[in-house]
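Okay, thanks for coming, everyone.

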Amino acid sequence: MPLEVISGLPGDGLSQKTRDMAALAAARGRSVSLVVPTAADAVDARRSLSGDAPVGVRVATLEGLIQAEWALTGDGRRIAGGLARDVLLARALVSADVAESPGRGMVGLLGMLVDRAEARPEGAAMGGDLPGRIVAAVDAYRTLLSSFRMIEMREVCAMIATAPPSAVIIVDGYSDLRSEYELLLQGWSAAGADVFVSLLWRPDTPGTAAVTPMIERLRAAGATVSLLEAGDSAWGAELTRIRSELFAGASPRPGSGTVALAVAEGEESEARHIASVVAGLISSGAPPDTIAVAFADPSRRIEWMRRALHDEGVQVDVEASRAVGETALGAALLRLQACAANGLTREDVGALLRTPFAGVAMEKVDEADVAWRKAGPVRGHALLRHLRQIDSLLDGAVELRGLPIGVAQARKWKKLADRMLANANPGPAPVPSDDGELDASAHRSFCRCLQEALELGDGEVGADEFWERFSGVRVAVQSRRRPGRTLLTSVDAVGSGEFDHVIIGGLNAIEIPRRGSEDRLEGDSIARAMGRLRIKSDPEEHARMERRAFYLATVSARKSLTLTRQGTSDEGLPVRESVFWDEFLDLYRVPGETRAPGVPPLVSVVTADIRGAGGGTRVPRGRLLDGRSLKQLQGVSEVSPSQIESYLSCPYKWFVQQKIRAKAPDEAVDRAAAGLLAHDALARFYREWRTRAQRVTPDSVEAAVQVASDAMIAAARALRQPETLEEIVLLESVGPCVVSLVERDAVFLPEYVPQHVEWEFGGSTGVPAIDVGGVSLKGRADRIDVGPEGLIVVDYKRTTASPLKHIERDGLVQLQLYAVAASRVLGIPVAGGLYRSLKDGSDRGFVLKGVAGSFKQADVVERGRLDELLESAVERARDVATAMREGRIEPTPSADACRYCAASGFCSKAVTA
Amino acid sequence: MRTGFNAGQREAVESRAGRIVVSAGAGSGKTRVLVQRFVDRVLEEEASGRADPMRSVLLITFTDKAAGELTERVREAFLDAGRPGLAREVDRAWISTIHGFCARIVRRHALELGVDPGFGVLADPQTGLARNAAFERAATAGVRTSIHAGVIAELVEEGVADLRKSVLDGYDKARSKGAATADIGIAPGTGYRRAVFQLSEVLDRLMPQYRQLPETATVSANLAGYVELRAAIPGILGIESAREGATAAFALGSCKGDVRGGEEMKALTRQINAALETVVQSAVDSLAAERAEAWRDLLMAFSEEYERGKARDGVLDFEDLQLLVRRLWAERPDIAGRLGDSFAEVMVDEFQDTNLLQLQVIEPVSKAGQCVVGDAQQSIYRFRDADVTVLDGKRRHAEAADAEQSCRLTVNYRSDAQLLAAFNELFGAPAFFGDDYLTLESGASRDSGVTWAEGEPRVEAIVVDKTRCPAKDWRGVEARALAQRLRAMVTDGSATPDDIVVLARASTTMPIYVDALKAAGFDVIAASSGGFYATPEYADVRALLRVLANPLDDEGVLALLAGGFGGLSDDALLALSLARGGECPGLWSALGQGADAGLAPADLARAEAIRATVGVLRDRRGRVGLADAILYATAELGPGGGLLERPESWVNVRKAARLASEFERTGASDPGGFLRHLDDRETFVRREPAAALAVEGSGAVRVMTVHAAKGLEFPVVAVADLGHGAVNAHAAFLLGAEGDGLVVVARGPRSVEGVKAAPSHAWSASVDEEKRLDLEEAKRVFYVACTRAEQALVLAGSTDPEGTPREGTAIDWVLEAARHQGERLAGLMSVAIIGAEDVPDFDPLLPGRLRDRPSCTRDAPRPLLREPGAIPPPEEVSYTALAVFERCAYRFFAERMLRVGSLDVPKAEDPLAFGSALHAALELIARGETVDAARLGRVAASNHLDGRSLERLSCAVDAVRASGIGPLVASGRPEVPFAVRVDGGVVRGTMDLVLRSGDEATVLDYKTGTTWDTTGARYEAQAEIYALALLESGVSSVRMRFIHVEAGCEEVDYEFTAADRARVVGRIGRAFEAMRAAQYPPLPAYDPSLCADCPVSGGLCPVVHPHARRLPR
Ligand code: SF4
């Protein structure tokens, strides 16, 4: 029987027509297959047919129909697809020596060739050159296919074309350009079935010209083509004009307000604008389900669109797939695998634990996290000491690590996935929400991949092969178009429907038309391989189809059409508009005139224009108003010189550091830690050394260096292990500094001996605090050396040592206060105070004139000056104590103070570099 | 077609010389030329019969935006030319950036290049992260195993960040020159040994003379030193290790003699000192050479690591694209040849900003013709390794060669004639380009709506005298002065805010100008500069994330409570810190104590809100995305905590949310991971601040960098911060050219054994060259900035006008030019030198906004957390699903609605598989096909039946054929679909065989298996649904026959008439009702017939096999 093509545009009633035909044929007692584009369309068609033709019409997608026919009439070979096909393609590429470890792009490319190659390549075509190897890969694939008892869809079509599934076959909304489908329909028609194909196409309409060649081919094969035209009267004048004039180069005419345009600054602004347009339509009475929002690839736009529509109170049904890793369960599965594959790192395990799929109470995770952060780079099972619950999951994954996918492994993996799904939906027989539905989809995809892996054989697919393919899988939930909900879908899908209001977003060059995939076929070797495989390719076909999809989407709007695009990216980089945008504008203007009077008003959406709920002011920092707080500070009774210096650098910093004392759990390996390490090593050294000698001398320096090295090793052991390069180098730099300081000690203050190391007062050692103006001073000096002139306080510095000039300029008090305290407690006069730099080997501070040793002249003082120095430090300490007790804690920012200040994020005053 | 072109343009459009170099001055209409030339060439090629004329011209642009604009203008030109068909094809044309072109070539020839054709292109921040990871690996290995380990460790310790930057920059530079890192040479040092040896010679020669000098304390001291020095030399020469030797040689520097004394003494001392200086310098040079070697090792290791990482991830970076194309051309000249043959011409725009590598990409395909367009005066991308000499070389060549042509476009159509006159005077001055300057002539500039009083100079220089400003605030004074001047322009009606753009040389100082403009009442659109990470909102978002990640992180909690989300008073913070201890170890648990912790009522309310918000977000972890969490917390806590205090706060919060969204697209969702990602971003994302420019008519002044303004034009341009120096600090390692290759030049250590060391000789020389290039570039940047102006130009900068002009400071150049050109600039440019006292603060009473914004401003609604929706009841169920529902509603839910996955492992003697095989066989018979043994074999194979089952199948088929229903099978219609509407839902299914006679119908349903319900109670529901479908289709009575094929075709029958309809409908309706009420109870206990293959048994469903071991939950 001849094939009949019925064409028209959206709104011409093509779908209704095909359904009527199906119902009529069924009523006449004929067996009917109604072929629809998607599963959702099938549900819709069955619902509409259930009244007129409840019995006798089989509704299916073309693929579904083919699979069913193959299941019935085939020979048991599986139709190649999914993971199994990809694995075989990859293996074929390897075996034909095209690529060592082919990536997804390579696999896709070979898949494309296999799709189009008619016959098995001949031996002659398979030379050793690259094109020859590509041809050989096609051949290798085919060999693999048959050895795994599989068959390509293309071959299936050819085989089933002789026996139509029913007497009448009606294809609604045909648009797939695969030649095998075309041949299949022709075959069925030739075999006696009545075949009707409805197709969105109008003659002489550039928007639908992409399918004209197909129409011509069908015609040439004897098909009749009829045009359905409901008349465009239902559309307003402007939309009617778009139907006939878009892309046709007609002369411009002004718009009437039915079409709106917007250019937005970034993705979010575009989403917010679209959402506000939808909300506006709904509030002016449009039923939400008559509005469709479309993007060329909606999956990239889901998040911000959902968010923006949700914020506007618009309910939405989404038709888009996403990468499996973008679903919660899919990401968790990949993370579980990564946990096992990477040997259970803190990052992987932590991230998995923070998902609901691990099923571990959050508090437990918090505690474990603190323990890990203290411990540094721990990995492996040691991480799990506190977390028994998750063991089964991780142990399961570790056990399966690297194993090929056999039946037993597949079952175990599925069990783990089951467990994770159950963890996230606790309770007996839970009824998950639509979030759970997406997870279930990921679960389904996971199981399907396992199943597909098993189809190649028990244990045939390796672990790496499996996970590589699984991570590339896309997941979609069942598409639904529910009453009361606006639809977010693809440009393709919107074009095959009818809506009162259509909003097409993302009209940017990189989004639509999507180019690039065809480039892959234009390469030299590929082109030659295609020649040898006798594949004809039309690289422009894809772009033409996109043009048609855009056209159909615009003409599927009955009442209003909104087009939007981004003028810049979110970061403000200019974004190029789609060529369709410009061509659409040509309906209204002479090309090039961007601000012609007839062009629909162009709304600019600037990020800064989207304002949040404003108001409120930050609490000014550094003010205590509550009597209780002030009383608390009045009670400050003990301070240390370092606290005093901290207060002097910024009172608020002191308040936060000393009074709030909030610590992060992390054990940092930073400059401060390196300083502590050096101090610790030196303290250990002197504790040990002084059991042997009074001090280091030029004679004993060698032995001392040995002891210092040991002390260094012992001190480093007490610290957490360094992780990063910076940490490693930082810690490694400490040892030489310590050793060199010990070497310098041989000639340092030659007449003095280090009498006290880590000398503490006002602490637990029994040496009392000393009183300065009613406040007790406490602290710990690194070292006190005693000699003929008295005592000299020594303080080690990781950085440079401050000379006397800087001590006075910056108001440093530490050395002086230690000296005063030591002098009082030990009853020895003060002869100086020195900072010893571990970094550059300098010793700076102040020393009494006459003390033996080499000092910078500027640091040498007379007794009177020295007394003054000490006195003024005590004075300062007293003032600071008073200020602290008065609760004066205003921030006094400075670059030095703010650099390592814990309050810099919120004091509102921080000076940043 | 040629109307409206001046002579130069016409020449550039029409010349058909094989190679053309077009020097196009600013605003000289080069885009029009390019477009016309492109269109002409395509039409010519079409006329000459070329197959795909649209692809016969390759046009390379500098930015993607420019490519877009050119494409659009080419499209318009084709329409103008009456060629709509070609117009529709323009997006196929080869018009793109060099990277776009290369990406296309690499994608095409991926196989030849051994690259995956699905390669991704690395962009920020991934590039930064990937590079850092590679650097970290390379340097760690370097510190451990390199032969230069010690030096590398030293470099790391001196500062990892600087080292990393130098390595990464070096890598980029080497690649831009197309050089492999392994080929980089080392700038040789002179060798300290020779210098020490020479020193010994000098000492030996001069010391006898020194001894003859009249004795003074200085002479004796010097001499004693020299004796010691001479004695030390053999030891130093004997040191084997170059490093130790150089260090020891350097130390000799301390032996320099004191130059005080008689003339002869001075002369002798100076000679010895000079020799000593040479020793010190050569020691430094040796140490520097050693560092250079270590650095090159590191660079090579980095390069290897980075390449390996990219290969593993299947990604390329921008430079790779070009390098790959260059490699392709080298390895496969035939491919380059064929592509070159397909181009009638290659056109390159902005040629001044290309480099050698890009040239190597373009040349091999430019056989037929090449037309490059550029302006050396506008080359401003040296920091991205652009090389202006490439253009100069081409132009010189074109001027000399006969077959080539060099044209000049000097008529400017952008700027007002008076403005142009000023440019010519200014930039023709020796302070700028002098004699090299390409003078611009005036064409007819467009009317931009800006009005300017007759005779008023169109260039104004506002020079802030730094000496008359408070220290450190001169830039603030300058910004205020500039903002006030611009405001005056707007208030007196000369310009609108939309007309004005402020260009800054560096993004770092931009905020100062933005603030001043805002204070002057302007709305401002400014690029989101790097300042984001320093904003309080960013700090607040980090705090929020830290607490979401772990509330035991006291520091994070404090930051949250004290920041814009929290808004707790210092009193509250103190109270909470005191409440810690015992039961409540941290601030977060203390927060839960509320009033007991001693919080005042206002703080208490905040505390509760914070706990509630964070609690909700933590409870819904993994379900609420990070971006949503940030926006939700902002809505809930922001207003009360003061988070949104500043006008730009909201923008910053949303930027954080966007980053979160982007991060989540990688499949990660934990706050800890995001925090780490942010750390990396802060450190490694190198991004040129972007332009916020696209939106016109927003009523705001735009502020952007000069680079962002490239290619744009504005009625009024203000160029700010001209006191900013142009000479950059130079890295400790530089790559310099030597011959055709590259060499590393190291600065050398900053100190040796605690003594300061001067830079190495080679480095100083390189730096001088770099400085010279920096200065030239700075002039060009300034030129580009100025020539953006159409009507008026305001220059603002701070300097000491009386002081010596600083090198590389544009405002000093301007002053110098003004002095030099004197009279000639007088009427064209005004110069006002002002101090802080001349710039009063703004009068706050003046109207705030200078112009109402268009009405597109709207408040974003308050974001709420999306409540998960219920899964809607199905609109349609299959008959089998309905049967499952009636047996176990939970399985139905899990399988049919939630649609969890299942694993269907084929097993021997699977009853379901056998059933479908039998159905298939009988369907084939009904279709009239021959079902012989071979065919049955295929059916069995399709259903994965084993040999035994095949036998069983064959028996069953024979049984049917032999039975009374055999003839019925052949005459009925097989597999009849139905879809019947019941109570708002649809039930669908397929009947095995239907026989119609008049308005009566008989349905046959085949049953297999060994268990057989002779009462037929199990089939009743099925019978009812089938009957209903047939009754709905107009049949008056239905007979249902269930045939047990494997039990001698025994039957159970039912009869239905219209009277049964209501009962059936009621029954199905009840099922739909239960679904609508979401009632899905599982079975009370394990039922093997149902649970054994249920996909959720033991998972979501609590029902498990009694003996199964269940994983602990
Ligand atoms: S950031 Fe600076 S101003 Fe703020 S508290 Fe810390 S030190 Fe003080």
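Before I get to the contact between the chains, one term: I'm calling it a salt bridge when a side-chain nitrogen of Lys or Arg sits within 4 Å of a carboxyl oxygen of Asp or Glu. And keep in mind that what's on the screen is a predicted model.

By that rule, we get 21 salt bridges between chain B and chain A. Here's one of them: B:Arg665 pairs with A:Glu267, and the closest N and O atoms are 3.1 Å apart. If you go by polar contacts instead, the interface of chain B and chain A has 63 residue pairs, with both partners at pLDDT 80 or more.

In residue terms, the contact takes 182 from chain A and 172 from chain B.

Next, the inside. The largest nonpolar core has 173 residues, and A:Tyr652 and A:Phe685 are the ones with the most contacts inside it. Which helix gives the most to this core? That's α32 of chain A, residues 863-885, with 10 residues. There's another core apart from that one, with 149 residues, including A:Leu456 and A:Trp467.

Now zoom in on A:Leu450, which is in helix α18 of chain A, residues 434-455. Buried or exposed? A:Leu450 has a relative accessible area of 0%, and the cut-off for buried is under 20%, so A:Leu450 is buried. Again skipping residues up to four places away in sequence, the neighbors A:Leu450 touches include A:Ile405, A:Trp413 and A:Phe466, plus B:Leu903 from the other chain. For a sense of distance, A:Lys17 is 433 residues from A:Leu450 in sequence and 42 Å away in space, C-alpha to C-alpha.

A:Pro513 sits in the loop between β15 (499-504) and α21 (524-532) of chain A.

Over in chain B, have a look at B:Asp721, which isn't a glycine but has a positive phi of about 60°. You'll find B:Asp721 in the loop between β16 (714-720) and β17 (733-738). Although B:Asp721 is in a loop, it counts as buried, at 1% relative accessibility.

B:His944 isn't a glycine either, and its phi is positive too, at about 55°. B:His944 is in the loop between α36 (933-942) and α37 (947-962) of chain B. B:His944 is partly exposed, with a relative accessible area of 41%.

That's my tour, so over to you.

Conventions:
Residues are numbered from 1 along each chain as its sequence is written. Chains are lettered from A and ligands numbered from 1 in the order in which they are written. This is a predicted model: local features need pLDDT of at least 70, side-chain atom pairs count only at pLDDT 80 or more; totals for chains, interfaces and linings use all residues. Side-chain values use heavy atoms; hydrogens and water are left out. A nonpolar core is a set of buried Ala, Val, Leu, Ile, Met, Phe, Trp, Tyr and Cys residues joined through side-chain atoms within 4.5 Å. Buried means under 20% relative accessible area, exposed over 50%, partly exposed in between (1.4 Å probe, protein chains only). Helices (H or I, at least four residues) and strands (E, at least two) are DSSP runs, numbered from the N terminus. Contact means heavy atoms within 4.5 Å. A polar contact is a pair of N or O atoms within 3.5 Å; within protein, one must be able to donate a hydrogen and the other to accept it, and residues adjacent in sequence count only if both atoms are side-chain atoms.
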